[in-house]
Amino acid sequence: MKILVINGPNLNMLGRRNHKHYGSFTLDQINTKLEKLAKPRDVKLVFFQSNHEGQLIDFIQKESSASSGILINPGALTHYGYSLRDALEDTNLPIIEVHLSDISKREDFRKIDVIKKISLAVVIGQKENSYILGLKKLIIYIQESTLSEVRGRAKLTR
Ligand code: DQA
């Protein structure tokens, strides 16, 4: 199983951003934690971060057909990134959106989430653990849907 782990604008600066909202982990440290979770489960993670919406879209368009799901922190694009939203929707893949901070309890503009409707779940407010919980949920979802597909096919051939 291959999962895309995507981070949007400014998330390359984690570790140096406001610790109160985002914790003290760097993006590399978060990715290492995710790798530790994925490896024993036989899940391959492909990491990508960009400060540019178009580059995020190019990556999604290129990589999604050979992938099983997407874990994404869209950064501020969460609040207005309609072309990112459309690119994610076009993949037809299960998507989990994560945020380090609790975007429901910050400035009003952060309460708008244009990605939410096309996501299976949104995990917020748990700093780096939002990514861990999000990845766990996504792996379980993909495993369960693969299992029910296999069962469905077995029924048809019986
Ligand atoms: C964020 C929340 C966004 O509002 C902000 O622009 C970010 C990070 C988070 O993880 O809490 O860059 O996505």
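The model is predicted: local features require pLDDT of at least 70 and side-chain atom pairs count only at pLDDT 80 or more, whereas totals for chains, interfaces and linings use all residues. Residues are numbered from 1 along each chain as its sequence is written, and side-chain values use heavy atoms, with hydrogens and water left out.

Five strands form an open sheet in the order β2-β1-β3-β4-β5, with parallel pairing. Its edge strands, each of which pairs on one side only, are β2 (44-49) and β5 (121-123). On average, neighbouring strands of this sheet are turned by 20° against each other, direction ignored. Strands (E, at least two residues) and helices (H or I, at least four) are DSSP runs numbered from the N terminus, and two strands pair if DSSP finds at least two bridges between them. Angles run from 0 to 180 degrees between N-to-C directions, the axes being lines fitted to C-alpha atoms, for helices over the stretch in contact.

Strand β3 (residues 69-73) is joined to the parallel strand β4 (residues 95-98) by three bridges, and L71 has I96 as its bridge partner in β4. Five bridges join β1 to β3, and these two strands also run parallel; here N7 has N73 of β3 as its bridge partner. In a regular strand the side chains alternate between the two faces of the sheet. In β3, G69, L71 and N73 point one way and I70 and I72 the other way. Five of the five residues of β3 are buried, where buried means under 20% relative accessible area, exposed over 50% and partly exposed in between (1.4 Å probe, protein chains only).

Helix α4 (residues 82-91) makes a right-handed β-α-β unit with β3 and β4; a crossover is right-handed if, with the strands pointing away from the viewer, the path from the first strand over the helix to the second runs clockwise. Helix α3 (residues 53-63) lies across β1 (2-7) and β2, at about 175° to β1. Helix α5 (residues 129-157) lies across β1, β2, β3, β4 and β5, at about 165° to β3.

The loop between β5 and α5 contains E128. Contact being defined as heavy atoms within 4.5 Å, E128 touches F25, I30, K33 and L100, not counting residues up to four places away in sequence.
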